[in-house]
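Here is a briefing on one protein chain. Please look over the sequence and the 3D structure first, then read the points below.

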Amino acid sequence: ERFTLRGEVTYDWNYYTRYGLAVPADYSGMAPDEAATQRYSAPRASVWFGDRFTDLGYLNFRVGVAGGYFSDDDSNSETDFSLRADVGQMFGRHRLALGARFDGWRGGGSLKGYRNHVLMLSPCYGADLRKVRISAGFDVVMDDNTEDTDLWVFPQVKVNWDPARGYFVPFVEVGGGLVQNGYRNLACRNPYVLPGASVHNTARYDLHGGISGSVSSEFAYRAYAGASFYRSHLLFVYDYSNPGGFLPGSQDVAQLTVGGEVSGRIPGGFEALLNARLHFYPDNTGSQKAADMPNMEIGLSVRYTWHDRLVLTAGLDVTGTRYAYAGLNGTGEPYLDTELAPVADLRLGADYRFGKRLGVFIEGRNLLGADLYPYNHYRGLGVSVLGGIKLTF
């Protein structure tokens with residue numbers, strides 16, 4: 001089948017208690033229990049039609065449309081709409097592709113004055129030569145929002161050189177993109193954000209290079225170094241005086257990264273993945289440090305599969321030192337408040353399938369009982385265990 005039609009309808013409803021904040025009883029005439037809770041409602045639907053883009057020997061195309069509505073308990077609402085189209089085709093060893101996308105957000109209720117329209121055009125050329133694989137293009141993005149209009153150009157380049165049949169493959173990657181920071185997206189990243197908040201969108205530029213390789217399907221590695229530059233990097237400032245909990249802010253950040261990963265398979269159903277990244281921030285001086293960006297990330301995961309029925313998993317994630325802010329100074333800039341210590345999160349899980357349609361699972365997280373702080377002053381769950389039944393239709 002050449003063409004596919006895919007649709008999706010979802011509805012999310014989330015209830016949060018703002019447990020990290022003591023709310024004054026007279027705040028805006030609300031009782032503490034009312035001011036210290038929030039409920040988010042988010043219906044959403046999308047439809048896609050076209051090719052799968054797996055065989056580019058002929059002209060491929062696809063179009064899609066999506067929309068959603070987001071609201072809270074404080075009369076804030078946001079409607080979003082997306083339209084996207086892509087075309088692409090191979091000509092011998094060469095590939096041409098073109099993508100176009102429109103995303104729009106508009107506020108309602110108490111957010112009636114908010115709007116953000118993003119238009120993106122993405123041409124791309126690719127070539128699969130004997131030992132070199134190239135993908136070169138760029139994204140032209142026009143960001144029109146309530147405050148101003150910005151024009152961005154993000155290069156999208158990947159070059160792989162394979163002189164040793166996959167054992168040793170040097171590569172260079174240049175990329176980037178725009179991250180929308182409207183109320184819905186802020187609440188998804190931090191549910192304790194001030195109701196109705198928004199902040200300038202984040203632009204990111206990346207440059208990385210390194211080596212990768214593999215031996216059949218049993219062993220693979222990747223080592224790299226590079227830099228990322230954030231314009232208006234999103235941060236959350238803890239606000240002691242407001243039951244919203246956090247105010248959104250932004251800062252420009254330069255991040256240098258050295259990292260690597262190793263994965264392997266052992267006959268008998270065992271798989272393992274180890275990855276590590278060290279981050280450096282040249283502008284981390286005085287009280288102005290990169291917010292909520294760790295100096296180290298290490299992850300280890302192990303998986304065992306028995307007869308396609310039983311799956312056992314184990315993992316350990318280590319996050320290094322982070323910094324958080326707790327207020328704004330007279331010029332509106334955030335000031336440093338807290339250094340969040342390194343933490344380790346140990347998890348174990350098991351999944352058993354009785355057949356194609358029925359299965360059971362159990363998983364445990366933070367089994368070391370570490371003090372995890374996903375947000376400043378908001379301690380996460382301690383040791384937690386979740387189990388249930390899986391039904392597949």
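Strands β5 and β6 (residues 115–128) run antiparallel and are joined by 13 bridges. Strands here are DSSP runs of E, at least two residues long, and helices are runs of H or I, at least four residues long, all numbered from the N terminus. Two strands count as paired if DSSP finds at least two bridges between them.

This is a predicted model, in which local features need pLDDT of at least 70 and side-chain atom pairs count only at pLDDT 80 or more, while totals for chains, interfaces and linings use all residues. Residues are numbered from 1 along each chain as its sequence is written, and side-chain values use heavy atoms, with hydrogens and water left out.

- A hairpin of five residues joins β5 to β6.
- Within this pairing, L98 stands opposite P123 in β6.
- On the β4 side, β5 (residues 94–109) is also antiparallel, with 16 bridges between β4 and β5.
- S82 has D103 in β5 as its bridge partner.
- The β4–β5 hairpin has two residues between its strands. G92, in the turn, has a positive phi of about 70°.
- L121 also lies in β6. L121 is partly exposed because its relative accessibility is 44%. Buried means under 20% relative accessible area, exposed means over 50%, and partly exposed is in between (1.4 Å probe, protein chains only).
- L121 and F102 are 19 residues apart in sequence. Their C-alpha atoms are 9.0 Å apart in space.

- β12 (residues 246–266) pairs with β13 (residues 270–280) in the antiparallel sense, over eleven bridges.
- The bridge partner of G259 in β13 is R277.
- Three residues separate the strands in the hairpin of β12 and β13. There, G268 takes a positive phi near 115°.
- β13 also pairs with β14 (residues 296–306), again antiparallel, over nine bridges.
- In β14, I298 stands opposite A276.

**Salt bridges**

- Side chains of opposite charge can pair when their charged atoms come close.
- The whole structure holds 16 salt bridges. Each is a side-chain nitrogen of Lys or Arg within 4 Å of a carboxyl oxygen of Asp or Glu.
- R115 pairs with D144, with the closest N and O atoms 3.1 Å apart. This pair links distant parts of the chain, R115 in β6 and D144 in β7, 29 residues apart.
- R115 is partly exposed, at 25% relative accessibility. D144 counts as buried because its relative accessibility is 19%.
- D144 sits in strand β7 (residues 132–145). The side chain of D144 also makes a polar contact of 2.9 Å with the side chain of T149. A polar contact is a pair of N or O atoms within 3.5 Å; within protein, one must be able to donate a hydrogen and the other to accept it, and residues adjacent in sequence count only if both atoms are side-chain atoms.
- D86 bridges to R84, with the closest N and O atoms 3.2 Å apart. D86 is buried at 11% relative accessibility, whereas R84 is partly exposed at 30%.
- R62, R84 and D86 are linked in a network of salt bridges.
- D128 bridges to R133, with the closest N and O atoms 3.5 Å apart. D128 is partly exposed, at 33% relative accessibility.

**Nonpolar cores**

- The largest nonpolar core has 17 residues. Y40, F70, Y183, A187, V193, F236 and F246 touch the most other members. Such a core is a set of buried Ala, Val, Leu, Ile, Met, Phe, Trp, Tyr and Cys residues joined through side-chain atoms within 4.5 Å.
- The elements giving two or more residues to this core are β2, α2 (183–189) and β11 (219–238).
- A second, separate core has seven residues, including W105, W152, F154 and A203.

**Nonpolar surface patch**

- F3, L5, V47, F49, V63, V65, F81 and L83 form a nonpolar patch on the surface. Together they have about 690 Å² of accessible area.
- The elements giving two or more residues to the patch are β2 (37–50), β3 (60–71) and β4 (76–91).
- Patches are made of residues with over 30% relative accessible area and no salt bridge; like charges are joined within 9 Å, and nonpolar side chains (Val, Leu, Ile, Met, Phe, Trp, Tyr) within 5 Å. Accessible areas come from the Shrake-Rupley method with a 1.4 Å probe, and for residues only the protein chains shown count as cover.
- V63 lies in β3. V63 is partly exposed, with a relative accessible area of 38%.
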